[in-house]
Amino acid sequence: MEALGIDIGGSGIKGAPVDVVKGELTRERLRIPTPVPATPKAVAAVVAQIVEHFGWTGPVGVTFPGVVTAGITRSAANVDEAWIGEDARALFAKATGLPVVVLNDADAAGTAEMAIGAGRGKDGVVLVLTFGTGIGSALFVDGRLVPNTELGHLEIRGKDAEKRASDHAREDHELSWDKWAGRVEEYLQHVEALFSPSLIIIGGGVSKKSEKFLPKVRVRTPVVPATLQNEAGIVGAAMAAVKS
């Protein structure tokens with residue numbers, strides 16, 4: 001079974017059809033830069049463009065970088081504030097003419113990792129963290145998702161954690177991998193103290209460079225890179241589309 005997964009990020013919007021059983025993209029993904037400003041109307045136009053590019057007529061799953069409840073976007077840390085209170089599901093359905101499911105981006109990535117990736121078969125508390133423009137989080141307890149945790153906004157040294165330890169912060173502050181690893185370690189120690197996870201999975205774009213920083217991170221919990229790397233959000237969005 002196939003569905004189209006679209007992953008909205010702070011810097012890019014990516015999409016591709018997905019074989020949801022295998023968790024594999026069936027066509028080369030399309031990436032379009034996130035509009036500036038990333039207003040609902042502008043982002044919806046890009047979502048429609050991706051649907052049109054693939055000639056898609058089936059179910060669509062769309063991720064959003066913020067809290068999503070019943071298709072309504074409730075926060076907007078890395079996109080335009082006009083998203084707060086927006087009926088994103090209705091917006092995207094109107095833009096595409098197709099049935100759409102909308103969910104938090106990290107929740108989508110985590111769902112994919114738990115189904116077919118590094119979290120498969122793992123019980124207990126598993127935390128999936130995506131490092132990109134911000135820090136997304138997906139918390140699982142015995143395989144069940146606790147949605148919209150948004151742990152990137154925990155306070156570290158008086159700031160949102162993602163302002164210090166996201167991949168964007170690494171690039172923006174021109175941090176060395178060693179320096180950034182120290183910030184990641186500090187953040188992981190904080191979430192470790194709060195949730196006592198049995199496993200932490202690191203996803204997002206930086207996961208494909210995990211050898212540059214993960215060996216330098218010292219925490220009690222086992223930490224592994226995401227199997228699906230930066231495609232996890234697309235795969236998880238597609239999985240959500242077929243479950244709806």
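A residue is called buried when its relative accessible area is under 20%, exposed when over 50% and partly exposed in between, using a 1.4 Å probe and protein chains only. By that criterion Trp180 counts as buried, because its relative accessibility is 0%, and Phe213 likewise counts as buried at 0%. The model is predicted, with local features needing pLDDT of at least 70 and side-chain atom pairs counted only at pLDDT 80 or more, whereas totals for chains, interfaces and linings use all residues. Residues are numbered from 1 along each chain as its sequence is written, and side-chain values use heavy atoms, with hydrogens and water left out.

Rings of Phe, Tyr and Trp (for Trp, its six-membered ring) pair if their centres lie within 6.5 Å, and planes under 30 degrees apart count as stacked, over 60 as edge-to-face and the rest as tilted. The whole structure holds 7 aromatic pairs, including these two:

| Pair | Centre distance | Plane angle | Class |
|---|---|---|---|
| Trp83 and Phe92 | 5.9 Å | 45° | tilted |
| Trp180 and Phe213 | 4.9 Å | 70° | edge-to-face |

Trp180 belongs to helix 6 (residues 177-195) and Phe213 to the loop between strand 15 (199-203) and strand 16 (223-225), so their pair ties together parts that are 33 residues apart in sequence; helices (H or I, at least four residues) and strands (E, at least two) are DSSP runs numbered from the N terminus. Trp83 and Phe92 are both buried.

One aromatic cluster is formed by Phe131, Trp177, Trp180, Tyr187 and Phe213. A charge sits over a ring if NZ of Lys or CZ of Arg is within 6 Å of the ring centre and within 35 degrees of the ring normal. The charged end of Arg170 is placed over the ring of Trp177, 4.0 Å from its centre, and Arg170 also lies over the face of Trp180, at 5.9 Å from the ring centre.
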